[in-house]
Amino acid sequence: MSKKKIFILAIESSCDDTGAAILQNDTVLSNVIANQKVHAVYGGVVPELASRAHQQNIVPVVQQALEQAGISKNDIDAIGFTQGPGLMGSLLVGASFAKSLSIALAIPLISVNHMQAHVLAHFIRDKGQNIPDFPFLCLTISGGHTQILKVSSTNKFEVLGETIDDAVGEAFDKTAKLLGLPYPGGPMIDKYASLGDKYAFQFTEPKTPNKLDFSFSGLKTAILYFLQREQKKNKNFIEQNLNDICASIQYTIVNILMKKLKLASELTGIKEIAIAGGVSANTEIRTTLKKCEETMGWKTYIPKFEYTTDNAAMIGIVGYFKYLTNDFNEDNFLASSRLKIND
Ligand code: KG4
Ligand code: ZN
């Protein structure tokens, strides 16, 4: 007879956050994150420094996750880890640690696709959180990816549209940098935007050959030229208008995302709509999406804050689903920095 209580240790190390979580079946018992502060002074993630910080963080983070969950390492049934996509050096730290521990404990190892994990974070059982019905659309918006997916099951994802250049998180981070704000810029823009007028400045929305694709590099350039033009007239333009600039940039980006999502819903007839990834922490996208329940008849799914940006709990839920189907790794698995959504 199969064991009812399954404990999964999950490890996330794809970029600059070292995460470990313990799940008991689809419920999170602990979810620990060590954020790496070291990158802020460089205005972006420095891969070499990220790998070193993961090396330092991984053992204490895993120990903390076990302690908070109140279990010992001998209780773990399997280890899930992020196989990709992400920074190769960072991925290798998590993958090597997970592989070694699984051999030491003689338990299965489960590789997890980070992008699938962002989407499937919606299946973590939590009070007050609804779980989407299949098929649903998921707008995955993060620092590395921007995709509209049709999700037909826990392992069937169809890309309906994606960015042809920068990811939306990059658009936030790069424009924040132009404004002199520290990395990561998304949460900073969100913060100042809450005090500003979103209609103060208009930016043209980029066009893409496929109507469901995104393009953000042109927007970044348009904002750069706009700031240069205004600063010629008034060298204090940014500091005097920071809130309005942030609100206008955020509004423009959210508008672009929402137009494509509405089109995807129209074309597929799907009204179960989820968002996922770091940018789904954004206040404007969360409130705009929620309004669509009334205006569009959508059922919307917005992740809890702790499951939006990179975290190990989302790796754990995919680990749990794969555990149920005995989808384990061979000893010779590889971390893969360019993993695609269906890999
Ligand atoms: O999912 P994530 O943690 O990492 C990747 O897999 O990329 O996403 C990180 C991205 C960063 O670009 C960050 O600026 C953005 O998410 N972000 C936000 C907010 N919180 C995080 N962007 C806009 N508003 C926010 N509140
Ligand atoms: Zn991510």
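The model is predicted: local features need pLDDT of at least 70, side-chain atom pairs count only at pLDDT 80 or more, and totals for chains, interfaces and linings use all residues. Residues are numbered from 1 along each chain as its sequence is written, chains are lettered from A and ligands numbered from 1 in written order, and side-chain values use heavy atoms, with hydrogens and water left out.

**Zinc site**
- His 114 (NE2), His 118 (NE2) and Asp 310 (OD) coordinate the zinc ion (ligand 2) at 2.0 to 2.1 Å. Donors are N, O and S atoms within 2.8 Å of the metal (3.2 Å for Na, K and Ca); water is not among the atoms, so sites may look incomplete.
- Along the chain, the donors of this zinc ion follow the spacing H-x3-H-x191-D.
- The arrangement is irregular because the four donor atoms subtend angles of 95 to 139 degrees. Four donors count as tetrahedral if all angles lie between 85 and 135 degrees; four count as square planar and six as octahedral if opposite donors are over 155 degrees apart and all others between 65 and 115; anything else is irregular.
- Helix 3 (residues 114-120) holds both His 114 and His 118, four residues apart, about one turn of the helix. Helices (H or I, at least four residues) and strands (E, at least two) are DSSP runs, numbered from the N terminus.
- His 114 is buried at 5% relative accessibility, and His 118 is buried at 2%. Buried means under 20% relative accessible area, exposed over 50%, partly exposed in between (1.4 Å probe, protein chains only).

**Nonpolar cores**
- The largest nonpolar core has 46 residues; Leu 139, Leu 179, Phe 216, Ile 253 and Leu 257 have the most contacts inside it. Such a core is a set of buried Ala, Val, Leu, Ile, Met, Phe, Trp, Tyr and Cys residues joined through side-chain atoms within 4.5 Å.
- Helix 7 gives this core its largest share, 14 residues.
- Beyond four places in sequence, Ile 253 touches Val 168, Ala 171, Phe 172, Phe 216 and Leu 219. Contact means heavy atoms within 4.5 Å.
- A second, separate core of 34 residues includes Ala 78, Ile 110, Met 115 and Ile 317.

**Asp 166**
- Asp 166 sits in the loop between strand 8 (156-162) and helix 4.
- Asp 166 is buried, with a relative accessible area of 10%.
- Its contacts beyond four places in sequence are Lys 174, Phe 216, Ser 217 and Lys 220.

**Gln 24**
- Gln 24 lies in strand 2 (residues 17-24) and is partly exposed at 23% relative accessibility.
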